[in-house]
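User: I have this one open on my screen and would like to talk it through with you. Please start with a helix and what surrounds it.

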Amino acid sequence: MRLFLFNFLFIVIGSFGTIFSLNTCTTIESDSTTLQVKYPIIPSPQEISYGETEISFKTITFSNTVFESETNKLVAFFKENGIEVSSNGLKINFIKQNIAKKNSEEAYKIQINSEITITANTGKGAFYAIQTLKQIFRKNNNKGEFPSLTITDWPAFKIRGFMHDTGRNFQSVAQLKEQIEVLSNYKYNIFHWHLTDDPAWRLESKLYPQLQNENATTRQKGKFYTQEDFKEIVAFCKERHITVIPEFDIPGHSRAFRTALGFESMRDKQALPVLLALFKELMSLTTPEDMPYIHIGTDEVRNKEEYVSKAFILEIMNFIKSNNRELIVWKEGIEIKEDSTSINQLWAQHAPRKEHRFIDSRANYINHLDPFAGMSRLFFQQPCRQPQGDKIALGGILCAWPDNNVAHERDILKQNPIYPSMVFYSDAIWKGRTKNYKEYWAKLPKQHTKEFNDFKLFEEKVIAHRDLFFEGKEFPYVAQTNINWKIIGPFNHHGDFNTTFEVENNIKESYKTEGKTFTWNDSIVGGTIHLKHFFGFPSFTDKNSGTYYAYSEIYSPKDQVQDFWIGFQGWSRSGGRRIGPFPNIGKWHTTNPKIWVNKQEIEPPVWKQPNLPTKTDEVPFIDEDYFYRNPTKVNLKKGWNTVLLKIPHGGNSWKWMFTCVPISIENGNVKEVEELKFKIRN
C-alpha cells in the first residue's frame, strides 16, 4: 500500500497575526474488487466503475452552489459526521448539465478522484447523487473516506413507491418519518398513504369532525392525523423528493365512513356530496404541484351496503380531474367505461386495463412475504413485467397491508419484513430487471448459476447495509445463500400426519415405499423453503398433501447452546390466522411437523395464544412467526451436527414450508453466526 499526500497551504489572519496551517488529503492505493465490497451501493447504479484508490480527508469545500438546497443537505450530513467546511478541504463540484438518459430529470453522475464532481440536470438528480455519496462515506478516526469511482445513474421507472395502510392500523408521524427517511436513502420517490378503511377514517376533517368519533373507529380509538400532521408529512417528503399519494378508499372499505355519517349504505343520497366535499378538503391541503395524485380505491366492493352506481364513481373521478389532479384506482376495482385516463394500480395477479397507465403492486404485499423466501421474489420479480418503464408502465409500489389488529405500532415493523423489503425492492424498481424470473419467486436458483451468484452478490451488499445503516431498526434478515439442504418426498401419509417413514430412523441415498422409489434433491439453498407455494408460484411439488423431509449438517467449533429461527407456517398477518386454526400447545403446527438435532427432538415454543381459529382479525399477533418470537435454543456439539425436519401437509393447512436458521442477536440486532458452517452440497 502506498500513500499519496496532497498538501494545501492556507493563511488565517487574526488578532495574533498570520498563522500558517497545513491540511492534508491522503490517497491510499487499493483495488477495485476491494472497494466494491467495502463500499456497496443500493440500488445498484446503471453504470459504475470503481477505481483503485481511496481518498481520506478532514474537511470539505464547495466550488459553487448551483444546487443550493442539495448543497445544504450535504453540508449538514458532513457536519453530523464531524466533517466541517473549510476553504482548503476536499473539493466538491456541482455541475448543472443534462444527462441524456431515460428519466433524465432524476439522472446523475459522480466522479471521485482527488476531488468529487456531481453532475445533474435537476435538484432531484443532485439529491440522488448525495444519497449515493452518503452510502459510500466512511469515518475513520477523525477523517472521512471515499473510494475513487465513476457513476452514471438513472432510474428505470418513473414511480418507485411504498404504501402503508394506516386506515386499519395507525402509525405515529414519527414512525412514518423514520420509514420515509429510509425510503429516501434508497431513492424511492412515492409514499402512498392509505388513510381510510373499515376500522377508521384517519385524516382529520374540519367539515365532518364526526369521522374521528370513537363510535366510528374500531381500532386505536382517538388516533388520527390532524391536517397539520398531514401537511408536515407532505413537507417532510417534499424535502426528500418524495411525492405523497393520499388514498380515500371508497365505496368499499367504508364502514368507518358510513358509521360516522349515519349512512346505512353508500347509496344514501348524502354520501356522494359528503365525499366530494371531503376530496375537496383533501386537495385544499396542498397544491397540485406538491400532491399531483389522488387515489380513490374502488377495490373489493363485496357487500351490498357498499354498492353504488357507476355514475357515482364517475362524478368523483371527474371532480378530482377538474381540480388538476391525476386519478389512481385499484385494478381489480370498479371499471368505468367513460374513464379513459385513470392510472390503474395492479394488485394480486390482475392485468392492466388496455391503454391505461399503470402502477405495478402485484405479488409484492409485504404482509405475505417471508423474510427469506420473500426477498428472492422481490429480487427476481420484474416490475411491470418489462425491463424499464414507459408512458404506460409507470413503475411499482411496494405495499404493507398488516390487515389484522396490531397491539403496538412498532409491531408493524417487527412482524413484517418492512426494511429488508424496502432494500431488496429498491434495486428492482431503480435498476430494472432484464427478465421476469417467476421460477425464483418462491425459491432461490440452483447454486453456481449466474442467477444464484447475482443474488448472492446482492445479498452481501444487503448484509453490509444492514450493519451500517439499520442499527436499532427491525431488519429480520441474515445471509441465506450458505444454508444448504437436501429434501425428499412427498411420501403419502394417507391423511395421517403422524405417519412415520424410514427417513426418521436411517439417512440413506434412497427409500422405497408403496412401490415407489424416493431419492434426495440435494441442491436446495435458503433460510425458508416453500415446498409448495401458497399462491402457486413454482416450487418443488404440485401435490396437495404428503410428507417431506429436509436434512442438513452444521459444523460447530465447540459445544454450545445456539439460537435458531425455526418455523413451519408463515402467518400472513392478514385474514386472522389465515387457514387456521393456530396450533395447540405441544405442536409446531396443526400438521404436526417435527425437527431433530443430533436425533434429539426440539420442542416447539409454549404458545401464548394456542388454538386460535381463523377468524381472529382483532386478536393481535404475539409469537406466531419465528422472526418476532424468542429464538429456539438448540444444543450443538463440537463438530458436525445432524438436522432433520419432518414437514407433513394436507387438510386445510395453507403453507407447506419450513425455516431453520441459526442466528445471533447483538443489542437487538440479528446477525449471522459466522462460526457455524452448513455442509456444502453440489
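**A helix and its surroundings**

Analyst: In H8, the residues that are buried are Phe312, Ile313, Leu314, Ile316, Met317 and Ile320, where buried means under 20% relative accessible area, exposed means over 50% and partly exposed lies in between, with a 1.4 Å probe and protein chains only. Helices (H or I, at least four residues) and strands (E, at least two) are DSSP runs numbered from the N terminus. This is a predicted model, in which local features need pLDDT of at least 70 and side-chain atom pairs count only at pLDDT 80 or more, while totals for chains, interfaces and linings use all residues. Residues are numbered from 1 along each chain as its sequence is written, and side-chain values use heavy atoms, with hydrogens and water left out.

User: OK, and what covers those buried residues of H8?

Analyst: The cover includes the strands S15, S16 and S17 together with helix H7. H8 itself has 13 residues and reaches 18 Å from its first C-alpha to its last, close to the 18 Å expected, the expected span being 1.5 Å times one less than the number of residues.

User: What happens just after H8?

Analyst: Asn324 follows there with a positive phi of about 65°, although Asn324 is not a glycine. The residue sits in the loop between H8 (310-322) and strand S17 (326-331). Most residues other than glycine have a negative phi.

User: Is Asn324 buried or exposed?

Analyst: Asn324 is exposed, at a relative accessible area of 55%.

User: Back to those strands, what do they belong to?

Analyst: They belong to a closed barrel of 8 strands with parallel pairing, which runs S11-S12-S15-S16-S17-S18-S19-S20; two strands pair if DSSP finds at least two bridges between them.

User: New topic: which residues touch the most other members of the largest nonpolar core?

Analyst: Of its 132 residues, these are Phe257, Phe279, Ile296, Ile316, Trp485, Leu645 and Phe658, a nonpolar core being a set of buried Ala, Val, Leu, Ile, Met, Phe, Trp, Tyr and Cys residues joined through side-chain atoms within 4.5 Å. H7 gives the largest share of this core, with 9 residues. A second, separate core has 36 residues, including Cys25, Tyr128, Leu133 and Phe146.

User: What is Phe279 in contact with?

Analyst: Leaving aside neighbours within four places in sequence, Phe279 is in contact (heavy atoms within 4.5 Å) with Phe248, Ile250, Ile294, His295, Ile296, Ile316, Phe319 and Ile320.

User: And where is Ser205?

Analyst: Ser205 lies in the loop between strand S14 (200-201) and helix H5 (227-239), and it counts as buried at 2% relative accessibility. Although Ser205 and Leu282 are 77 residues apart in sequence, their C-alpha atoms are 8.5 Å apart in space. Beyond four places in sequence, Ser205 is in contact with Leu211, Gln212, Gln227, Leu278 and Glu281.

User: Last one: how do S22 and S23 run?

Analyst: They run antiparallel, joined by 4 bridges, and Ser510 has Thr519 in S23 as a bridge partner. The two strands form a hairpin with 2 residues between them, and Glu514 in the turn has a positive phi of about 50°. Glu514 counts as exposed, at 59% relative accessibility.
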